[in-house]
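Dear colleague,

I am passing on the structure below, together with some notes on what came out of the analysis. Please read the notes with the coordinates open beside them.

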Amino acid sequence: MSHEDAEIVINNLDTDKDNLLDFQDFMKLMEKEGEEEDLKGAFEIFELEKGSGRITPRSLQRVLSRLGDSKSYDECVAMIQVYDMDGNGEIDYHEFQQMMMA
């Protein structure tokens with residue numbers, strides 16, 4: 001983590017604005033780290049090619065089918081288009097984060 005990134009984290013979590021993280025601030029950081037790991041794990045479930053960093057319509061269709069919610073390929077394309085900010089027809093991790101926060 002860069003010095004600038006560390007300052008941003010501290011500023012976001014520092015409840016008493018003393019530029020230090022006390023124990024409660026630290027616990028908030030650990031909760032966020034746990035949430036981030038959970039989000040990464042969920043994203044990886046949807047990747048067709050592990051480590052590819054993208055969710056394709058085909059990979060979405062496969063996972064939904066395994067969950068008992070069969071969708072057509074075209075339906076999966078439409079679902080991805082809603083959160084596909086760069087218009088490449090796939091969901092990357094950043095787009096997935098935005099989708100999960102919506």
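Accessible areas in these notes come from the Shrake-Rupley method with a 1.4 Å probe, and for residues only the protein chains shown count as cover. On that basis the accessible surface of the protein chain comes to about 7200 Å², of which 54% belongs to carbon and sulfur atoms.

Please keep in mind that this is a predicted model, in which local features need pLDDT of at least 70 and side-chain atom pairs count only at pLDDT 80 or more, while totals for chains, interfaces and linings use all residues. Residues are numbered from 1 along each chain as its sequence is written, and side-chain values use heavy atoms, with hydrogens and water left out.

To begin with the overall architecture, the protein chain has five helices and two strands, arranged along the sequence as α-α-β-α-α-β-α; helices (H or I, at least four residues) and strands (E, at least two) are DSSP runs, numbered from the N terminus. The radius of gyration of the protein chain is 18 Å, whereas a compact globule of 102 residues would have one near 13 Å, where the radius is taken over C-alpha atoms and the globule rule is 2.2 Å times the number of residues to the power 0.38. Along the principal axes, the C-alpha atoms fill a box of roughly 55 × 25 × 25 Å.

Of the 102 residues in the protein chain, 24% are buried, with buried meaning under 20% relative accessible area, exposed over 50% and partly exposed in between (1.4 Å probe, protein chains only). Among contacts with a separation of 6 or more, 25% join residues 24 or more positions apart, a contact being heavy atoms within 4.5 Å. As for charge, there are 10 positive and 25 negative side chains, and the centres of the two sets lie 9 Å apart; Lys and Arg count as positive and Asp and Glu as negative, without His and the chain ends, and the place of a charge is NZ of Lys, CZ of Arg, CG of Asp or CD of Glu.

The UniProt record, in an unreviewed entry, lists residues 5-33 and 75-102 under "domain: EF-hand"; its positions are given in the numbering used here, feature names are shortened, and annotations may be inferred rather than shown by experiment. In the model, the span 75-102 is 64% helix and 7% strand, with its end C-alpha atoms 20 Å apart.

Thr15 and Pro57 are 42 residues apart in sequence and 42 Å apart in space, C-alpha to C-alpha. The loop between helix 1 and helix 2 also holds Lys17, which counts as exposed at 59% relative accessibility and has a positive phi of about 55 degrees although it is not a glycine. Most residues other than glycine have a negative phi.

Helix 3 (residues 57-66) contributes several buried residues, including Pro57, Leu60, Gln61 and Leu64. Those four, along with Lys71, are touched by Cys76, not counting residues up to four places away in sequence; Cys76 lies in helix 4 (residues 73-83) and is buried, with a relative accessible area of 0%. Just after helix 3, Gly68 takes a positive phi of about 85 degrees.

Leaving aside neighbours within four places in sequence, Thr56 is in contact with Leu48, Ile80 and Glu90. Leu48, found in the loop between helix 2 and strand 1, is partly exposed at 42% relative accessible area, and its contacts, with the neighbours within four places again left aside, are Arg54, Thr56, Arg58, Ser59 and Arg62. The C-alpha atoms of Leu48 and Arg62 are separated by 8.2 Å, at 14 residues apart along the chain.
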